Amino acid sequence: MTSEAPRKCASIDCENDAGALQCPNCQKLGKESYFCSQDCFKRNWVLNYSKDGIPRSEQVFVNRNKIAVLDKAEQEGMRKVCRLAREVLDIAARAAKPGVTTDYIDEIVHKACMERDSYPSPLNYCNFPKSVCTSVNEVICHGIPDQRVLKDGDILNIDVTLYHGGFHGDLNETYYIGDKALANPDAVRVTETSRECLAQAIEMVKPGTLFREYGNVIEKHAKSKKCSVIRTYCGHGINQLFHCAPNVPHYAKNKAIGQAKPGMCFTIEPMISIGTHRDKTWPDDWTSVTQDGSLTAQFEHTLLVTEDGVEVLTARLPDSPGGPVPMPAEANGEATATS
């Protein structure tokens with residue numbers, strides 16, 4: 001009679017036999033993930049906010065303007081986590097179709113993070129209850145996955161952040177759900193405007209560019225497409241911390257402090273509305289929506305400032321789902337496509 005080999009600790013750098021301690025979220029997904037001790041579990045899966053929701057390491061930097069400059073090893077850590085984050089977003093996007101719930105998207109993201117030895121950064125961050133943000137139609141950002149079924153005609157933003165090897169990688173994209181969304185000129189206009197706003201801002205990123213300047217080009221382009229820029233939320237520094245300096249507002253004439261220097265990492269993530277820029281928050285204290293119920297779209301990349309420009313760490317891959325579609329143009333009161 002033979003006995004089964006003992007389970008090994010799921011910690012990346014531990015060779016001990018595992019005990020009975022499991023990752024609770026893995027249990028919900030039916031995935032085995034055992035650890036030999038609380039220390040191993042904390043080191044590999046648990047950030048300082050994952051138990052009580054309080055990001056204490058970030059609080060040290062509240063109201064401070066010091067911006068981290070990453071060394072070569074830290075930059076490589078950011079490259080790796082951002083590549084993983086892109087993989088996870090693409091996996092989630094391929095599953096986004098009519099009839100699927102946003103809870104299912106959350107399950108896919110959580111599983112993909114676990115498979116990459118990564119922690120989904122949103123989970124329990126300031127008590128956020130899920131592993132990804134899913135924002136549909138008038139939801140600007142921070143939508144909580146639930147049993148809402150995606151419908152043909154929706155637009156869906158999926159915002160993924162991973163923690164791996166001591167670093168966070170953050171990105172999001174807005175996707176058309178079904179053919180009706182692609183046929184809706186308002187949905188296409190707001191989505192493609194947001195995509196273009198991000199692209200134009202990234203073109204400006206280089207050493208010496210003031211952080212307040214990105215909002216000028218974003219708002220100018222948004223207004224040219226008869227859209228508005230949400231002002232409440234901004235891009236942010238990212239590295240070993242999920243959110244830190246600098247703040248990167250997306251609207252014009254803002255008063256952001258500082259300028260880009262080689263080795264800095266931050267996000268730009270314009271939230272664009274086809275109606276008002278004014279927002280309100282649902283009673284769940286997370287979900288932000290436009291006050292007039294108008295459609296919104298958002299795109300985000302994590303960026304590394306180089307000696308002569310910028311490296312888009314979360315860049316799309318050749319087979320990434322989604323991507324730009326022709327922008328509609330108003331002609332004689334009707335929407336027609338332009339190439």
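Tutor: One term before we begin: helices (H or I, at least four residues) and strands (E, at least two) are DSSP runs, numbered from the N terminus. This is a predicted model, where local features need pLDDT of at least 70, side-chain atom pairs count only at pLDDT 80 or more, and totals for chains, interfaces and linings use all residues. Residues are numbered from 1 along each chain as its sequence is written, and side-chain values use heavy atoms, with hydrogens and water left out.

Student: Okay. Where is Arg212 found?
Tutor: Arg212 sits in the loop between α7 and α8 (214-224).

Student: Buried or exposed, or something in between, for Arg212?
Tutor: Arg212 counts as partly exposed, because its relative accessibility is 40%. Buried means under 20% relative accessible area, exposed means over 50%, and partly exposed is in between (1.4 Å probe, protein chains only).

Student: What does Arg212 touch?
Tutor: Asn254 and Ala256, leaving out residues up to four places away in sequence. Contact here means heavy atoms within 4.5 Å. Arg212 and Asn247 are 8.9 Å apart in space, C-alpha to C-alpha, and 35 residues apart in sequence.

Student: New topic. How many salt bridges are there?
Tutor: The structure holds 16. Each is a side-chain nitrogen of Lys or Arg within 4 Å of a carboxyl oxygen of Asp or Glu.

Student: Which residue forms a salt bridge with Arg86?
Tutor: Glu173 does, with the closest N and O atoms 2.9 Å apart. This pair links distant parts of the chain: Glu173 is in strand β7 (residues 167-176), Arg86 is in helix α4, and they are 87 residues apart. Glu173 counts as buried at 4% relative accessibility. Arg86 is buried too, at 1%.

Student: How far apart along helix α7 are Glu192 and Arg195?
Tutor: They are 3 residues apart in helix α7 (residues 185-203), so about one helical turn separates them.

Student: Now the inside. How many residues has the largest nonpolar core?
Tutor: It has 34 residues, and Val160 is one of those with the most contacts inside it. A nonpolar core is a set of buried Ala, Val, Leu, Ile, Met, Phe, Trp, Tyr and Cys residues joined through side-chain atoms within 4.5 Å. Helix α4 gives the largest share, 10 residues. A second, separate core of 33 residues includes Cys197, Phe211, Tyr214 and Met264.

Student: Last one. In what order do the strands of the open sheet run?
Tutor: The order is β8-β12-β15, 3 strands with antiparallel pairing. Two strands pair if DSSP finds at least two bridges between them. The edge strands, β8 (228-229) and β15 (296-298), each pair on one side only. Strand β12 (residues 271-273) pairs with β15 over 3 bridges, and Ile272 stands opposite Ala297 in β15.
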